[in-house]
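Student: Can we go through this one piece by piece? I'll ask, you answer.

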Amino acid sequence: MTTYRIASIPGDGIGREVTPAAYEVLEAAGRRHGIDFAYTEFDWSCERYLRDGAMMPEDGLEQLRPHDAIFLGAVGAPGVPDHVSLWGLLIPIRREFRQYVNLRPIRVFEGIPSPVRDARPGEVDFVVVRENVEGEYSEIGGRLNRGLPEEMAVQEAVFTRAGVTRVADFAFALAGRRGGHLTSATKSNGIVHTMPFWDEIVRERAGSFPDVRWDQEHIDALCAKLVLDPARFDVIVGSNLFGDILSDLAAAVAGSIGIAPSANLNPERAHPSMFEPVHGSAPDIAGRGIANPIGAIWSAALMLDHLGHPEAAAEIIAAITSVLAKTDTRTGDLGGSATTAEFTAELLRLLGRE
């Protein structure tokens, strides 16, 4: 029996409801494959911020370091500004542990009608690879003349050769293992320095992956094409901002942001990687037990795959697929009335049959 040490941060809102659901499924899959999990739970959240003045303690990152992986439920709550909650917890974890790849798979499942015409199950299946630690989300900048008529704010985007190269290489290699097609998101017709730099490096790195067909799209046109013809895409690589926006748009194309997973990866495995659903804390439905657990459960499958158990991960995804294709069990965001617990129970039932 292999045991993995998981740092568990349920966080805020529905994160506290979908995280236990994900662990139930993880443990069921683990029993079938000789895998065990030892969870260390941390109460780091907006509630902690309001109580103690910080999202996590000063030595929080050091507490996380010994773990094999980190699982995060959600961050954010009314009364705490979003930049405070994210920069107090999520973003420091990504940067300290060099989680420079944010991986967000997108799929149209049978049984979840897409709001996009002709987005069919089996045809729409792609991955957004988002650069995760630099780009537009830098810490460089500031505010000047606060409260005066000439008040100003400056935010610097930072693109390094090392940063763009490593995320481009990851995306090209992933495309080589999938459908052999990569699309690079850019805006080099309007952003005169950073985006041409991005384009140049992507073009350079393409030479090392001759079997991957690639193209680039300006972000505005890419958003339109993602809606008009999502089946054309295989792997999309983009900067921190572009990847963030594209992945949420793509989740909407798939039918609900509630199903969308993500992995914050340190591909070299020198540090723990972090896994989290995309949907956020959803305070409007928190505490009601009706949150969609698919995003969290799929994130747990990504964690299993990263830990070296692709067969177990595939079984979880197959069970998700079966619930949606073969039953009427749906949470409210998918047009049903199932609770989080009811959906999870149905998935566990089918997982036992896979």
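Tutor: Leu72 has its place in strand 3 (residues 69-74); helices (H or I, at least four residues) and strands (E, at least two) are DSSP runs, numbered from the N terminus. This is a predicted model: local features need pLDDT of at least 70, side-chain atom pairs count only at pLDDT 80 or more, and totals for chains, interfaces and linings use all residues. Residues are numbered from 1 along each chain as its sequence is written, and side-chain values use heavy atoms, with hydrogens and water left out.

Student: Is Leu72 buried or exposed?

Tutor: Leu72 is buried, with a relative accessible area of 0%. Buried means under 20% relative accessible area, exposed over 50%, and partly exposed in between (1.4 Å probe, protein chains only).

Student: What does Leu72 touch?

Tutor: Not counting residues up to four places away in sequence, Leu72 touches Ile9, Leu89, Leu90, Met274, Phe275, Glu276 and Pro277. Contact means heavy atoms within 4.5 Å.

Student: And where is Trp44 relative to Leu72?

Tutor: Their C-alpha atoms are separated by 9.9 Å, and the two residues are 28 residues apart along the chain.

Student: Switching to rings. How many aromatic pairs are there?

Tutor: The structure holds 10 aromatic pairs. One of them is Phe42 with Trp44, which is tilted, at 4.5 Å centre to centre and 40 degrees between the planes. Rings of Phe, Tyr and Trp (its six-membered ring) pair if their centres lie within 6.5 Å; planes under 30 degrees apart count as stacked, over 60 as edge-to-face and the rest as tilted. Phe42 and Trp44 are both buried.

Student: Which pair is stacked?

Tutor: Phe172 and Phe209 form a stacked pair, 5.3 Å centre to centre with 10 degrees between the planes. Phe172 lies in helix 5 (residues 161-177) and Phe209 in the loop between helix 6 (194-206) and strand 9 (213-218), so the pair ties together parts that are 37 residues apart in sequence. Phe172 is buried, at 0% relative accessible area.

Student: Which rings are linked into a cluster?

Tutor: Tyr4, Tyr23, Phe37, Tyr39 and Phe71 are linked into a cluster by ring pairs.

Student: What lies over the face of Tyr100?

Tutor: Arg166 does, at 4.3 Å from the ring centre. A charge sits over a ring if NZ of Lys or CZ of Arg is within 6 Å of the ring centre and within 35 degrees of the ring normal.

Student: Now helices. At what angle do helix 1 and helix 10 pack?

Tutor: Helix 1 (residues 15-33) and helix 10 (residues 310-326) pack at about 130 degrees, with their axes 10 Å apart. Axes are lines fitted to C-alpha atoms, for helices over the stretch in contact, and angles run from 0 to 180 degrees between N-to-C directions. Helix 1 and helix 10 are therefore oblique to each other. Angles under 35 degrees count as roughly parallel, over 145 as roughly antiparallel, 65 to 115 as roughly perpendicular and the rest as oblique.

Student: Which residues meet there?

Tutor: Val25, Ala29, Arg32 and His33 in helix 1 meet Glu311, Ala312, Glu315 and Ile316 in helix 10.

Student: What about helix 1 and helix 11?

Tutor: Helix 1 and helix 11 (residues 340-351) pack at about 10 degrees, with their axes 10 Å apart. That makes helix 1 roughly parallel to helix 11.

Student: Last one: what is phi of Arg269?

Tutor: Phi of Arg269 is near 60 degrees, a positive value in a residue other than glycine. Arg269 is in the loop between strand 11 (261-265) and strand 12 (273-277), and is exposed at 52% relative accessible area.
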